[in-house]
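Hi everyone, thanks for coming. Let me put the sequence and the structure up on the screen, and then we can walk through them together.

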Amino acid sequence: MSGMDYPDGILVGRARVPGHEHARIVTVRGDELVDITAKGMASVRDIAESGRAAAHVASAPGISLGSAAAVLANSVATDHNPAKPSLLSPIDLQAIKASGVTFVVSLLERVIEEQARGEKARADALRTEILDLIGMDLSELVPGSETAMKVKAALIEKGVWSQYLEVGIGPDAEIFTKGQPMSSVGYGAEVGLHPSSSWNNPEPEVALLVTSTGAIIGATLGNDVNLRDVEGRSALLLGKAKDNNASASLGPFVRLFDGDFTLETIKQSEIALRVEGDDGFVLEGHSSMNQISRTPESLVAATLGDHHQYPDGLVLYLGTMFAPVQDRGGAGMGFTHKLGDIVSISTSTLGTLSNRVNLSTKCPPWTYGSSHLLRDLAKADLL
């Protein structure tokens, strides 16, 4: 993991700083990480809800915590020195939501998972069979359109209709809860796999920072760690497949929108993924946001509005087109993680998010929740 994994722009994040019970709000100025924690602006939630997040972060007075590169380096779990500052997830009280099956490649892989019933050895043959049957024309479909509904009818007739195809090309997007507020981990932390899983993968994604009014004000990188065998057995196991200790990673910072960095920038992003194993295995892939089948705005609208409110705002993973199919451990076995894998997700505008894979039961347990943060902020007279 590199220590220069943050971009230019207006960045906001959270850091663990010795001498403080609660996370400190930080930004990057030049090469330094700066503590800008202030009364009334002592949480990323309050900054986001202020209506002037970018202006506040850009101009708030602060105290240097030293080299930003050094803090990032100290955030890596294997090299962490608790006597020095380190990064945390860049969000706090926001709900952690995710959208699924938003790219055609991911859609087809979900169908394959379902058909394989969680058995990765069957996936390779099924992939060829299903692609021969339905082709790649789904990438041209507008979800919910008349044309999409005709394709749905044809696929039902052929006996390959799936609940994943329903949310992939049907009128309603898949939106689910990835984790609870305060449960996400940040740059350098370990990410967790449920010990019952033997077929799993990273999901490199852009995640949007959204206010309680539905305004999209910034973005960060995310790893929506996924258990393919668990979800493949039944979509009703989505919670077990997605929400485990340390299974939601975000960071390194939220980059707030300004005149140079906007939602349109995100829509043209190229997301790179690199997995490096202790066994010498290397997997690389790319995900192009311009191939998303539902717009970020429509996914946010499906998440909150008159039908559902989030008073503390939310972060929304946008989904991925990257589905790792490169064999690891034998022909036809597909990809799965091994403990110790280093997963790096990067874009030119958001930097790099790196994490090391471990079992959820071996990652540090989540013990600091919303109530702890509020009590600590009240004790410090920062609310």
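A quick word on what we are looking at. This is a predicted model, where local features need pLDDT of at least 70 and side-chain atom pairs count only at pLDDT 80 or more, while totals for chains, interfaces and linings use all residues. Residues are numbered from 1 along each chain as its sequence is written, and side-chain values use heavy atoms, with hydrogens and water left out.

Back to our serine. Ser249 sits in strand β13, residues 248-256; strands are DSSP runs of E, at least two residues, and helices are runs of H or I, at least four, numbered from the N terminus. Leaving aside neighbours within four places in sequence, Ser249 has contacts that include Val185, Leu221, Tyr317 and Asn355, where contact means heavy atoms within 4.5 Å. With Asn355, the Ser249 side chain makes a side-chain polar contact at 2.7 Å; that term needs a pair of N or O atoms within 3.5 Å, one able to donate a hydrogen and the other to accept it, and residues adjacent in sequence count only if both atoms are side-chain atoms.

Now let's zoom out. Of the 383 residues in the protein, 57% count as buried. Among contacts between residues at least 6 apart in sequence, 74% join residues at least 24 apart. Overall, the protein has 12 helices and 18 strands.

Conventions
Buried means under 20% relative accessible area, exposed over 50%, partly exposed in between (1.4 Å probe, protein chains only).
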